[in-house]
Amino acid sequence: MSATLTLYSVRVSPPCRAVWLYMLQHKIPHTLVDVDFSDSNKAKIPDIIKRNSHQEVPILTDGDITVFEGPVILRYLANKYTNFAGYGLVLAERMLVESVICWGSNQLHRVIGYQVVYPQFFDKYRLQSKSATDAMVEAGTQQMVKYLDILENKYLAKTKYLCGSTVTAADYFVATILKLLDWMHFSLRLWPRLSDWLCKIETEEHWTFVHTTHNDFVQEINKCCLDY
């Protein structure tokens, strides 16, 4: 298999990390291109990003094929390169894994990322007034707690992993989103099954390497807090 695939990524982004992790775990040859969306680097943003209607990552190119959105990229890779490794052995299992990944992308990341975490760090995700932003974060936090309860009391009440007895792509996708809580020093101690599950996921192959930039960013946050 030749390395015709290129993954355009921001390493602190959960869906980017989930896709990159899948490619490493299943030994899919690829080139990783780090994208910097900062104002000072706009001129250097790759053309493939500029041509994409949403101008967001992850974006995967495979020859003349371009795929965007984390769940769709994962499905493309699983279908073309791994015979759906990490998605279960039968159709029912695969559909459950895909459903949880889509829920993670459409609901969990929307709330934890865009309503709770990102507005506290990046101006582009804040509303026009501080009071409106604070209200959004408060509402998002309430919804986040409900989602953590669902993971704790529904998905992990009877099984070791989110979709059964073995780890799947759904576990990795949801775990990368929950790692955003590190930015806020948010503890999962009130959700012990969820906390134990995340600790297991963090020991999986390539996890630490893929999360190096994330961990460095968290350390920088901690340093800034201490300096302050």
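The paragraphs below go through a predicted model, starting with its nonpolar cores and moving on to its helices and a few single residues.

In soluble globular proteins, nonpolar side chains tend to be buried together. In this model, the largest nonpolar core is made of 59 residues. Leu77, Tyr87, Leu108, Ile112, Leu178, Leu194 and Trp197 are the members with the most contacts inside this core. The helix that gives the most to the core is α4, residues 91-117, which supplies 9 residues. There is also a second, separate core of 8 residues, with Cys16, Ile45, Ile49 and Ile59 among them.

Apart from its neighbours within four places in sequence, Tyr87 is in contact with Tyr22, Leu74, Arg75, Ala78, Glu93, Arg94, Val97, Glu98, Ile101 and Ala169.

Next comes a pair of helices. Two packed helices are described by the angle between their axes and the distance between the axes. For α4 and helix α5, residues 130-155, the axes come within 8 Å and cross at roughly 145°. The crossing of α4 past α5 is left-handed. On the α4 side, the residues that meet α5 include Val100, Trp103, Leu108, Val111, Ile112 and Tyr114. On the α5 side, Met136, Val137, Met144, Tyr147, Leu151 and Tyr155 are among those that meet α4. Sorted by class, this contact has 13 nonpolar, 5 polar and 1 charged residues.

Leaving aside neighbours within four places in sequence, His109 is in contact with Pro14, Pro15, Gly104, Tyr114, Tyr118, Ile177 and Leu180. His109 and Thr176 are 67 residues apart in sequence, and their C-alpha atoms are 9.5 Å apart in space. Val145 has its place in helix α5. With a relative accessible area of 28%, Val145 is partly exposed, since that class lies between 20% and 50%. Val145 and Thr66 are 79 residues apart along the chain, and 36 Å separates their C-alpha atoms.

Helix α7, residues 192-201, has Leu194, Trp197, Leu198 and Ile201 as its buried residues. Why are they on the same side of α7? They cover an arc of only 100° around the axis, so they share one side of α7. An α-helix has 3.6 residues a turn, so residues three or four places apart point the same way. The cover over the buried residues of α7 includes α5, α6 (169-178) and α8 (207-210).

Helix α3, residues 70-82, has as its buried residues Gly70, Pro71, Ile73, Leu74, Tyr76, Leu77, Ala78, Tyr81 and Thr82. Among the elements that cover them are the strands β1 (5-9), β3 (59-62) and β4 (65-68). The helices α1 (14-25), α4 and α6 are also included in this cover. Just after α3, Asn83 has a positive phi of about 55°.

One of the strands covering α3 is β3, and Thr61 lies in it. Thr61 counts as buried, because its relative accessibility is 11%. Leaving aside its neighbours within four places in sequence, Thr61 is in contact with Thr4, Leu5, Thr6, Tyr8, Ile48 and Thr66.

How values were computed: Residues numbered from 1 in each chain as written. Predicted model: local features only at pLDDT ≥ 70, side-chain atom pairs only at ≥ 80, totals over all residues. Heavy atoms only, no water. Core = buried A, V, L, I, M, F, W, Y, C linked by side-chain atoms within 4.5 Å. Buried < 20%, exposed > 50% of the residue type's maximum accessible area, 1.4 Å probe, protein only. Helix = DSSP H or I, 4+ residues; strand = E, 2+ residues; numbered from the N terminus. Contact = heavy atoms within 4.5 Å. Axes fitted to C-alpha atoms, helices over the stretch in contact; angles between N-to-C directions. Left-handed = near helix turned anticlockwise from the far one by under 90°. Nonpolar A, V, L, I, M, F, W, Y, C, P; charged D, E, K, R; others polar. Arc of directions from axis to C-beta.
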